[in-house]
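Please look over the sequence and the model shown below before reading on.

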Amino acid sequence: MKEIRLHGRGGQGIVKSAEVIVYAAVQEGKFVACFPYFGFEKKGGPVSAFVRIDNKKIREKNQVYFPHCIIVLDPTIMGATDVFQGAREDCVLVINARSVDSLDIPDQITTITYIDATALSEELLGRKVPNTVMLGAYAKATGWTDVEKLAGRAGEIWGEKNRDAVLRGYSDVTVIRRGEV
Amino acid sequence: MEKLVVVDGNHAAALGALLCRPDVVAAYPITPQTPLVEHFTQYIADGALDCAILEPESEHSAMSILEGASLAGGRTFTATSSQGLALMYEPYFRASTMRLPIVMDIVNREMISPQTIWGGPQDSLSVRDAGWIQIYVEDNQEILDMNVQAFKIAEHKDVLLPVNICFDGFYLSHMTEGVLVCEQEKVDAFLPKYLPEHVKLDPERPMAVDPLTPGAYLQYYRELHMQAMDNAKKVIQQVNDEFAQLFGRSYGGLVDTYRLEDADYVLITMGSLTGTARVAVDYARQKGVKVGILKLRSIRPFPKELVQQYLKGRKAAGVVDRNVSFGWHCGITYLEVLSAMGGALNMPLLPFIGGLGGEDLTIELLAKAIDYIVAAGKGRYNTPQQAIWLVKGEEE
């Protein structure tokens, strides 16, 4: 089983992104489940979402504490939440950031992936909604979910521009694999 | 072939209700139930079904509308949560004592105060003695399937009682997963049109319903109501088996079990936390601990005989409650199990409380509960006078 934890703020489409991953993975014949944790439904509040992907039925109905992948839609959340908590060995980080130079990333995160999804979403969509760009980045970083299926679903929900945003996230993301030269 | 959709628990509930072709739906929005009614209403707006939708000014009115509609012969459905259910209490009781086969989903949410919107079955469990059938489910497929079964149970001539399908707020209402949608033709065959025979408001045949009734008659009605609850035990099982035959999915009926056959120790659960408990049991089994799960599905009627049967000969058991019974210092289903066992209880039975107000019940906390049960079975831990609280950060 792969466990994914997403961090962001209300209004950034974090819950919907998790649902798009679930939808895409179900189309691939996998068992998947996600659920969010948020406070009162309002824009700007911290939101987490938890996704599990497996080849058999998902039974767990609890939050993800030991993620194989951490997706950070809003780096400002890092002041309030320890997004790296419980990261497994060989964990994949996908972060919405221009650079990761100033971040103190724990050693067990061996794949570091970053993209300025806020700027790219503004360019592509005219709005600062980073979630679809981040879905593409996630697909590239992990290889766990087919990017075409993610893009297709994003297009169905939000229109063609968001479909393109997923694909741009996939093509434009920077991937650093620690331990490789 | 059944269609595979990707939906959250609220959406699964709406799809299940839709398959049953209700005539009237009246509901008032409340977190976390709101999307359920939104999804249902969207399907009606899109022309999926001819159904009257009413959005009255309160839950009290919503249930009152359904009572009128049910008395007029309609199949009726609604949903609510916590404070909404509290506001509905007066017509809630009347629905059952008038023997109206209304189906209402309760998207379980903790009761205030302090202010909370998150999950927990304190709302529905607190009204378990109001005469409704209450069934608690574990995942989204079970939500959809039980909404289909609920009408069949409610409308059965030996039952004629309203039914609550109860599922955890957020943990299920907002959890998205793949769900199979039963074929409409098969549901139509499984659940024929509702044709009331006992009571029906009809201008052609005027009838007075619910007049002022002296105690002797009221007592007789209560006796019949209790008998209907007893009948429901058999009907819930029959409907489960018939559904399983048609759709290939069985939930066990009044209870479900997991790795219980050879178990020395039993973890008794209800609702979505059962899924996490299954994982905790698998880990314990890997370490050689013979533990299994007894999952309570029907709380009203309470499966007393099955609880006795499944606990017989075990070394120890424990009940995990995501709710409290003030004044007893334990959870509500613990008391139910204790009552069911009565004089037959010859093992330690431990009360656990955790996961209140949407607090996460982790695999580690459920493993801790198993450890307590095993220790009690080995005589190293006595049955406490107060609940053992499962608190994150205190796993050791």
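Which residue of S8(B) does A:Ala33 stand opposite? In this predicted model, the residue that stands opposite A:Ala33 in S8(B) is B:Glu177.

**Where the chains touch**

- Between the two chains, 17 residues of chain A are in contact with 20 residues of chain B.
- On the side of chain A that touches chain B, the elements that give two or more residues are helix H1, which covers 14-27, and strand S2, which covers 31-38; S2(A) gives the most, with 5 residues.
- Sorted by kind, the residues on this side of chain A comprise 11 nonpolar, 2 polar and 4 charged.

**Strands that pair across the chains**

**The nonpolar core**

- The largest nonpolar core has 185 residues, and those with the most contacts inside it are A:Val22, B:Leu267 and B:Ile373.
- H1(A) gives the most to this core, with 10 residues.
- Because domain 1 (3-247) and domain 2 (255-390) of chain B both give residues to this core, it lies between them.
- Leaving aside residues up to four places away in sequence, B:Ile373 touches B:Tyr265, B:Leu267, B:Ala316, B:Ala317, B:Gly318 and B:Leu350.

Note on methods
Residues are numbered from 1 along each chain as its sequence is written. Chains are lettered from A and ligands numbered from 1 in the order in which they are written. This is a predicted model: local features need pLDDT of at least 70, side-chain atom pairs count only at pLDDT 80 or more; totals for chains, interfaces and linings use all residues. Two residues are in contact if their C-beta atoms, placed from the backbone, lie within 7 Å. Helices (H or I, at least four residues) and strands (E, at least two) are DSSP runs, numbered from the N terminus. Ala, Val, Leu, Ile, Met, Phe, Trp, Tyr, Cys and Pro count as nonpolar, Asp, Glu, Lys and Arg as charged, and the others, Gly among them, as polar. Two strands pair if DSSP finds at least two bridges between them. A nonpolar core is a set of buried Ala, Val, Leu, Ile, Met, Phe, Trp, Tyr and Cys residues joined through C-beta atoms within 7 Å. A residue is buried if 20 or more other C-beta atoms lie within 10 Å of its own, exposed if 12 or fewer, and partly exposed in between; C-beta atoms are placed from the backbone. Domain bounds come from an automatic or database domain assignment.
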